[in-house]
Amino acid sequence: MGQLLSGLSGLGIFSFLPGILALVAIVDVVRVGASWYWIWIILMFPGLGAIAYFVVVRSGWLSGRTGALSPATARRLQARRRIRELDVQLVHWRGPAVLAEKGDELLVLGQYEAALAHFLEAQKNGGAIEDVNFGLAQAYQMLGRFREAVPPLDELVKTTPDAYLGRARLQLGRSLDESDQKERAEQVLRQVLERRTSIEAQVRLARLLLARGEQVEAQRLLGEVKADAAVLPRYLRREHGAWIRAARTLRSPTARLPRPEIEGGEKRGRRLRLALAAAGALIVVLWVGSCALGEIERFAARQQMQQEGAAQGSEAEPR
């Protein structure tokens, strides 16, 4: 045991801590969806970079001032905090507005089943159409239940035609399209494009036209998307990237289109990236640990050989 401890001190085993801390920080970058440039900072400055990440990004009092978190990450963290506050209110009163607000926050966190339950309860408790229906339809869509999303969106659009800056009508067209109500979907998508430019509406309408063999108008719509994409700011190209790529590759009326997402919500595949990052971090930690143990064993063996050599040398000295 004494040799092991001396080996640890001799090798400076604590020099491995910055690497382990860096791995923990990288996993956290993936988990919370912080800006990817933090990975380079953490790797370039082991230990110090990780500490800087946790102070600047994960410190609540500092991250809000520096804007170190991406908008989506900040939105998810805000949703977690708000849910804790709403849970306190729901203990005393399950009002429809509070239930609907919690449903909205659960959508952001990707908890779609729980969100749906809260919206349905809010609807049952007399929630207003403007408070409940949009989120309820989103929950249905994220669960792949597009046909069930149509009635609440129909009701909302009839009440407020331009609800949510036209997004309600767009989502109605999406739900109709995905539930094979093609004729109504085309009508609603054309209404969307009469009021505003929407890449999703253009691509969906182009796919419907391709199914009817109307190649000219379909290609005109896809060409408009490609032309607009060339002059869009970078952040908008990134935001609509999936639909821009769909416009560039759309050839068949049976082509699959991007799946719906919640604004500011958890991106699809993020948990897989987290699992891969965690697995990679674990492998590296185990590798570092095995290397450290190997070095300790070799150091202990050298120490033992030196002690044996010294003992043999002292015995060989003439008296």
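Of the 319 residues in the chain, 40% are buried. This is a predicted model, and its chain holds 17 helices and zero strands. Among contacts between residues at least 6 apart in sequence, 54% join residues at least 24 apart.

**View 1. Helix 9, a mostly covered helix.** Let's begin with the helix itself, which runs over residues 129-142. Helix 9 has 14 residues and spans 20 Å from its first C-alpha to its last, close to the 20 Å expected at 1.5 Å a residue. Eleven of the 14 residues are buried, so helix 9 counts as mostly covered. The buried ones are Val132, Asn133, Phe134, Gly135, Leu136, Ala137, Gln138, Ala139, Tyr140, Gln141 and Met142. What do these buried residues pack against? Their partners are helix 7 (96-108), helix 8 (112-124), helix 10 (146-159) and helix 11. Just after helix 9, look for Gly144, which takes a positive phi of about 80°.

**View 2. Helix 9 beside helix 11.** Here helix 9 (residues 129-142) meets helix 11 (residues 167-178), with the axes 11 Å apart and at an angle of about 30°. Angles under 35 degrees count as roughly parallel, which is why helix 9 is described as roughly parallel to helix 11. The crossing of these two helices is left-handed. On the helix 9 side, the contact is made by Phe134, Gln138 and Gln141; on the helix 11 side, by Arg167, Ala168, Gln171, Arg174 and Ser175. An α-helix has 3.6 residues a turn, so residues three or four places apart point the same way.

**View 3. Helix 7 beside helix 9.** Now for another neighbour of helix 9. The axes of helix 7 and helix 9 come within 10 Å and cross at roughly 30°. That angle makes helix 7 roughly parallel to helix 9, and their crossing is left-handed. Helix 7 contributes Ala100, Asp104 and Leu107 to the contact, while helix 9 contributes Asp131, Val132, Gly135, Gln138 and Ala139. The residues of the contact of helix 7 with helix 9 divide into four nonpolar, two polar and two charged.

View 4. Tyr140 is found in helix 9. Is Tyr140 buried or exposed? Buried means under 20% relative accessible area, so Tyr140, at 9% relative accessibility, counts as buried. Not counting residues up to four places away in sequence, Tyr140 touches Leu116, Leu120, Arg145, Phe146, Glu148 and Ala149. Ala115 makes a handy reference point for this view: Tyr140 and Ala115 are 25 residues apart in sequence, and their C-alpha atoms are 9.6 Å apart in space.

**View 5. Glu130 and the residues it meets.** Glu130 also lies in helix 9. With a relative accessible area of 38%, Glu130 is partly exposed. Which residues does Glu130 contact, leaving aside its neighbours within four places in sequence? They are Leu156, Thr159, Thr160 and Tyr164. Glu130 and Leu156 are 26 residues apart along the chain, yet their C-alpha atoms are separated by 6.7 Å.

View 6. Tyr164, one of the contacts of Glu130, sits in the loop between helix 10 and helix 11. Although Tyr164 is not a glycine, its phi is positive, at about 55°. At 34% relative accessibility, Tyr164 counts as partly exposed. Asp180 belongs to the loop between helix 11 and helix 12 (182-195). Asp180 is not a glycine either, and its phi is positive at about 65°. The relative accessible area of Asp180 is 60%, so this residue is exposed.

Conventions: Residues numbered from 1 in each chain as written. Predicted model: local features only at pLDDT ≥ 70, side-chain atom pairs only at ≥ 80, totals over all residues. Heavy atoms only, no water. Axes fitted to C-alpha atoms, helices over the stretch in contact; angles between N-to-C directions. Helix = DSSP H or I, 4+ residues; strand = E, 2+ residues; numbered from the N terminus. Parallel < 35°, antiparallel > 145°, perpendicular 65-115°, else oblique. Left-handed = near helix turned anticlockwise from the far one by under 90°. Contact = heavy atoms within 4.5 Å. Expected span 1.5 Å × (residues − 1). Buried < 20%, exposed > 50% of the residue type's maximum accessible area, 1.4 Å probe, protein only. Nonpolar A, V, L, I, M, F, W, Y, C, P; charged D, E, K, R; others polar.
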